[in-house]
Amino acid sequence: MHSASRAGMLRSASYTLRHRCLHSTVLRRSISTQAQVRIIPHNPSSASTKEIDSAFLGDSLSKVGQARIFWGAPTITAVSSLGEKFDKKKENEKREVVRKAVGSAVKAVKGQLEGLNTKDKVNETIQVEVDAKVDPHAAAVAAHLAGYNFTLKTAPAPSRFDPNLKQPQPEKYQFNPSEPSKEWDRGSIYAYSQNLARTLMELPANIITPTGFCERVKKEFEGVENVEIIVRDEKWAEEKGMNTFLSVTRGTNEPAKFLEIHYKGAPKDQQPIAFVGKGITFDTGGISLKPGDGMKLMRADMGGAAAVVSAALAIAKLKLPVNLVVVTPLTENMPGPSATKPGDIVYAMNGKTVEIDNTDAEGRLVLSDAIYYAGTEFKPHTLIDVATLTGAVMVALGEHFSGVFSSSDELWQQLKEAGDYEYDRFWRLPLDEDYGPQIYSSNADLCNIGGRPAGSCTAALFLKHFVPGLDSDEPSIKWAHIDIAGSMQADRPRMYLEKGLTGSSVRALVEYVRRLSGSA
């Protein structure tokens, strides 16, 4: 990442002596060895909730996600609000309210349980039953995201993650709907994949090396049908002429990898979709060394690769009727004795010369060869790349939107609708040749940096030169570049996401493909 790098449910609840709630989310957890948590409708006429009605006398739950905890042997009960005027909200807004309410209830109970862990119960998986009738998909997403916790601490609880990555570890909470549905199952898969991306990004760079990344991905895809995984090495990349990718690998002793995932969910002759993800497993900036403060966040500079492989896992598990190719160039960016130097010029796989003016603008270098390879080798109808690419997009959009640059109005609209549906939101930024002189004025065809102004725009324009099929009046490919450098991390906790690395764009990409495939 270059330069400024990123170093349930209650309708209108008014609880007074004269007003009682109409609808709510209730979460229960048994304190017994066989722990259980349930989320059920809170209805004043329901016998199952009369016991807690009196607790609300004189109280109010009018804001979305307000949660209350009730202790009553043998259960803990959490009630979380859908807020006022829920029925009058738009559908996308309702879905987000459900996520907030369910997530708030789950987090409230998690907070109560932290002090109850004992040595004999610390590895216990807590069974959670969720009443998800308002929106099963959104409820499943929120419960699983809110239940996620990353730690490598060994005390008081053993790690939930295997340091050697031999086997993904079980989750602390097992969420189940009160009424099974395919929408719940789908939402659970969306959330599991986002949590996988979060884990890959959170794990330190001595564990998630390029090799470690590939091993974990292969483990996650075990048993998933119609998937082929291929791990390439640097010798293969050299034979292919991937000199911009290899220019970044020169400074590290850690072997670089080029990972391919092929999901074949449609007839062989159907054109695929291609995802490309930036996989810098640690980014020091190379010779153009970053400041040391906050550099440890650069373990997550492979967030684009984490996002696309995690989205592919969900697409394959859902058995969506598409063909999908995912490629991720994986390497560290280090200032070793053989590292590329500022001012070096290399020939990219497509034959263009590239001046490397700043080695901390390495993401576009590894992506350029990967994009060209994916586009020429597999001839997709749509190619989407995802990357923690620029500090500039963080300045422009902060953490709540991912920046999108696209050659296609239609593709942009499809991505926007998918992102709005999942509240994994995108904002379109200009892909315009007027920014061209900033990267064309060098001794090579392209310079890998165009100065501080519009840094995310010049980065996207650089990548555009490696997308085959865009030059003609009627392009043969649709392309979008998604910059998640801002949305990769939540600086403040949210109702269904804790503070930390987010796995942004995973759910939106899965939803985009689901809609494109016509699946219910």
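Trainee: Is His-137 buried or exposed in this predicted model?

Mentor: Buried means under 20% relative accessible area. His-137 has 1% relative accessibility, so His-137 counts as buried.

Trainee: Where is His-137 found?

Mentor: In helix H3.

Trainee: Which side chains make a polar contact with the side chain of His-137?

Mentor: Take two. The side chain of Arg-186 makes a polar contact with that of His-137 at 3.1 Å. The side chain of Glu-422 is joined to that of His-137 by a polar contact of 2.7 Å.

Trainee: Which residues is His-137 in contact with, leaving aside neighbours within four places in sequence?

Mentor: Glu-183, Trp-184, Arg-186, Gly-187, Tyr-190 and Glu-422.

Trainee: How do I read the packing of helix H2 and helix H3?

Mentor: Two packed helices are described by the angle between their axes and the distance between those axes. Here H2 spans residues 91–113 and H3 spans residues 136–147. Their angle is about 35°, and their axes are 8 Å apart. The crossing of H2 past H3 is right-handed.

Trainee: Which residues in H2 and H3 meet?

Mentor: From H2, they include Arg-95, Val-98, Val-102 and Lys-110. From H3, they include Ala-138, Val-141 and Gly-147. The contact of H2 with H3 has nine nonpolar, two polar and four charged residues.

Trainee: What is the mean pLDDT of the protein?

Mentor: The mean pLDDT is 86, and 82% of the residues reach 70 or more.

Trainee: Where does pLDDT stay under 50?

Mentor: Over residues 3–51, for which the model has 183 contacts beyond four places in sequence. Also over residues 53–59, with 20 such contacts.

Methods. Residues numbered from 1 in each chain as written. Predicted model: local features only at pLDDT ≥ 70, side-chain atom pairs only at ≥ 80, totals over all residues. Heavy atoms only, no water. Axes fitted to C-alpha atoms, helices over the stretch in contact; angles between N-to-C directions. Helix = DSSP H or I, 4+ residues; strand = E, 2+ residues; numbered from the N terminus. Left-handed = near helix turned anticlockwise from the far one by under 90°. Contact = heavy atoms within 4.5 Å. Nonpolar A, V, L, I, M, F, W, Y, C, P; charged D, E, K, R; others polar. Buried < 20%, exposed > 50% of the residue type's maximum accessible area, 1.4 Å probe, protein only. Polar contact = N/O pair within 3.5 Å; in protein donor to acceptor, adjacent residues only side chain to side chain. pLDDT = per-residue confidence, 0-100.
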